[in-house]
Amino acid sequence: MSQHAAADGAGPLVRPYAMTHGRTRPSSDNFDLIALVVAADGPVSTEGLEPEHRSILNLARQPVSVAEISARADLPVGVVRILLDDLRVRGAVQVRSPMSGAKAPTKRVLRAAINGLRAL
Amino acid sequence: MDEIPYAIKILVAGGFGAGKTTMVGSVSEIEPLRTEEVITAESVGIDDLEGVEQKTTTTVAMDFGRITLTDGLVLYLFGTPGQDRFWFMWDELSLGAVGAVVLADTRRLADCFPSVDYFEQRGTPFIVAVNCFDGAKRYRPEDVRVALDLDPQVPVLLCDARRRDSSKGVLITLVEYVLQRYSELENNGALA
Ligand SMILES: Nc1nc2c(ncn2[C@@H]2O[C@H](COP(=O)(O)OP(=O)(O)OP(=O)(O)O)[C@@H](O)[C@H]2O)c(=O)[nH]1
Ligand SMILES: [Mg+2]
């Protein structure tokens, strides 16, 4: 509730960024909303991780988008990006950026998309 | 580890209550989710939120759904925020998108003008899907095209956002249109 009170109204934003120790941006490149994240296979030290890091690792057992992590962990996207950065730095997650990044997808992908949609 | 799939995205835009969330939900394989971005004007461009207590924040919400198209390809559908003042979020949403569906509600056709303007200016390929609300006067796609002053090549079709098949058809129309646009650009030598 406390996080949502901040998110829903015009209230001050304190709690969501507490777990990032005040950081508002990841140190390295941004995670796209549809970048897909998956937890690493091997054992990863969870020492020093916040509970929110652990819930992200749980959500990412199967490939999951940054947007889905944000929605399911009930954290603003900005916070998720920072926590993901922590996890990536220690090798706990792998990230796949969206097809062709900021550029529009290729014709090959579009054809695959059309076939996939038709088959639904 | 298994290969991580790739993701692509399509935007669903339109005025307040035009049926964006309904369309996302009718084709999504998961219940539509909502994600929030909390923004403070002061936080833009700085890395430290000390003293954030004094700052006013705004929350921007996006509804989205997911469709697994093939083993290696996942499609995300984002319902763009309806409120005009959150347009700065659209830039992030439209970056790298396949294209956009503009949902038109014929009871309030003017509500989708801003979406049409936005995608035209940005060069994002879009189609217009006219959501057929019960009791609303039926328009022909051609009337909507004229009312919205659309380029002749922009597809306009009728839909029922509550029906999965109808929404699916809208998405296929969009992706086919984008593909056709690419081919035309290539033939015109516009793409290297
Ligand atoms: N008859 C009919 N009703 C629809 C259709 N699409 C949506 N509705 C109804 O219209 C209402 C608004 O739909 P939403 O999907 O919430 O619209 P929205 O664009 O997400 O609205 P905002 O996010 O508030 O801007 C809901 O009660 C839907 O059930 C349609 O195709 N036909
Ligand atoms: Mg909605």
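Q: What makes a space in this predicted model a cavity, and what makes a residue part of its lining?
A: A cavity is a set of grid points where a 1.4 Å probe fits but cannot get out, and a lining residue has an atom within 4 Å of such a point. By this rule, B:T106, B:V130, B:N131, B:C132, B:F133, B:A136, B:K137, B:R138, B:Y139 and B:L158 line the largest cavity, which holds about 60 Å³ of space.

Q: What classes of residue make up the lining of the largest cavity?
A: Phe and Tyr count as nonpolar, whereas Lys and Arg count as charged. The lining divides into six nonpolar, two polar and two charged residues.

Q: Which residues line the second largest cavity?
A: The residues B:Q153, B:Y177, B:Q180, B:R181 and B:E184 line the second largest cavity, whose volume is about 30 Å³. This lining comprises one nonpolar, two polar and two charged residues.

Q: Why is the pair formed by B:T22 and ligand 1 called a polar contact?
A: A polar contact is a pair of N or O atoms within 3.5 Å. A polar side-chain atom of B:T22 lies 2.4 Å from an oxygen atom of ligand 1, so the pair meets the cut-off. A polar side-chain atom of B:T21 lies 2.7 Å from an oxygen atom of the ligand, and one of B:R162 lies 3.2 Å from a nitrogen atom of ligand 1; these pairs therefore also qualify.

Q: What share of the accessible area of ligand 1 does the protein cover?
A: The protein covers 70% of the 650 Å² that ligand 1 has on its own.

Conventions. Residues are numbered from 1 along each chain as its sequence is written. Chains are lettered from A and ligands numbered from 1 in the order in which they are written. This is a predicted model: local features need pLDDT of at least 70, side-chain atom pairs count only at pLDDT 80 or more; totals for chains, interfaces and linings use all residues. Side-chain values use heavy atoms; hydrogens and water are left out. On a 1 Å grid over the protein atoms alone, a cavity is a set of points where a 1.4 Å probe fits but cannot get out, and a pocket is an open set with protein on both sides within 12 Å along at least five of seven lines; lining residues have an atom within 4 Å of a point. Grid points are joined across faces, edges and corners, and a volume is the space filled by probe spheres set on the points. A polar contact is a pair of N or O atoms within 3.5 Å; within protein, one must be able to donate a hydrogen and the other to accept it, and residues adjacent in sequence count only if both atoms are side-chain atoms. Accessible areas come from the Shrake-Rupley method with a 1.4 Å probe; for residues, only the protein chains shown count as cover.
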